[in-house]
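Open the model in your viewer and keep the selection tool ready. The stops below go from the whole chain down to single residues.

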Amino acid sequence: MRTIGMKRALIGAAIAALAMNAPAAHAATATGTAKAKILRQITLSNTSDLQFATVISGATASTVAVSTAGGVTCGTGLTCTGTTTAANFDITGTNGAVVVVGGDANVTLNGSLGGTMNSTLSYSATNVTLGSTGGSFQVGGTLSVGANQTAGDYSGTFNVTANYQ
């Protein structure tokens, strides 16, 4: 009986030794990828100002409208002469990127001899896709001219923005 017990003990020890030397379970591995997209910094420059031309005011209030293409509509009772231009802004950045443009909706023009006038602004685009040389957009506006508006040179500034979409 001792022999059987001894055999069992040896077999148990052998099984335990084999279990300890069994190969480890196979581990799985994978790789990940890190990515980044770099865009050139946007530059925005004004290449022409919004010019409402020379306006001779009348006895009634009216408006002067300059389209984003630069065309002018002179309101009733006003006389408009000279050059009109829409404001033009050039954008540079990453070729093929879409840029969202916008800015102030209104601007107040202050006269050199007193007086003020207000203009609502209009933008030629809300999105610009940049090409190899960049892109551009224009700003027009409608100027409210008062009855017998105070004479003088009027000007006012407005802000525009350009951000990657």
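A contact means heavy atoms within 4.5 Å. By that rule, residues 24 or more positions apart account for 71% of the contacts with a separation of 6 or more. This is a predicted model: local features need pLDDT of at least 70, side-chain atom pairs count only at pLDDT 80 or more, and totals for chains, interfaces and linings use all residues. Numbering starts from 1 along each chain as its sequence is written, and side-chain values use heavy atoms, without hydrogens and water.

**Whole chain.** Color by secondary structure. Of the 165 residues, 27% are buried, meaning under 20% relative accessible area with a 1.4 Å probe, protein chains only.

**Core.** Next, select Phe89, Ile91, Val99, Val101, Phe137, Val139 and Phe158. They have the most contacts inside the largest nonpolar core, which has 25 residues. Such a core joins buried Ala, Val, Leu, Ile, Met, Phe, Trp, Tyr and Cys residues through side-chain atoms within 4.5 Å. Which strand gives the most to this core? Strand 11, with 4 residues. Now center on Val101. Its contacts beyond four places in sequence include Ile91, Phe137 and Ala162.

**Ser119.** Move to strand 9 (residues 116-123) and pick Ser119. Buried or exposed? Ser119 counts as buried because its relative accessibility is 1%. Its side chain reaches the backbone oxygen of Thr142 at 3.2 Å. Show its neighbors too: among them are Phe52, Asn106 and Leu143.

Technical notes: Helix = DSSP H or I, 4+ residues; strand = E, 2+ residues; numbered from the N terminus. Buried < 20%, exposed > 50% of the residue type's maximum accessible area, 1.4 Å probe, protein only. Polar contact = N/O pair within 3.5 Å; in protein donor to acceptor, adjacent residues only side chain to side chain.
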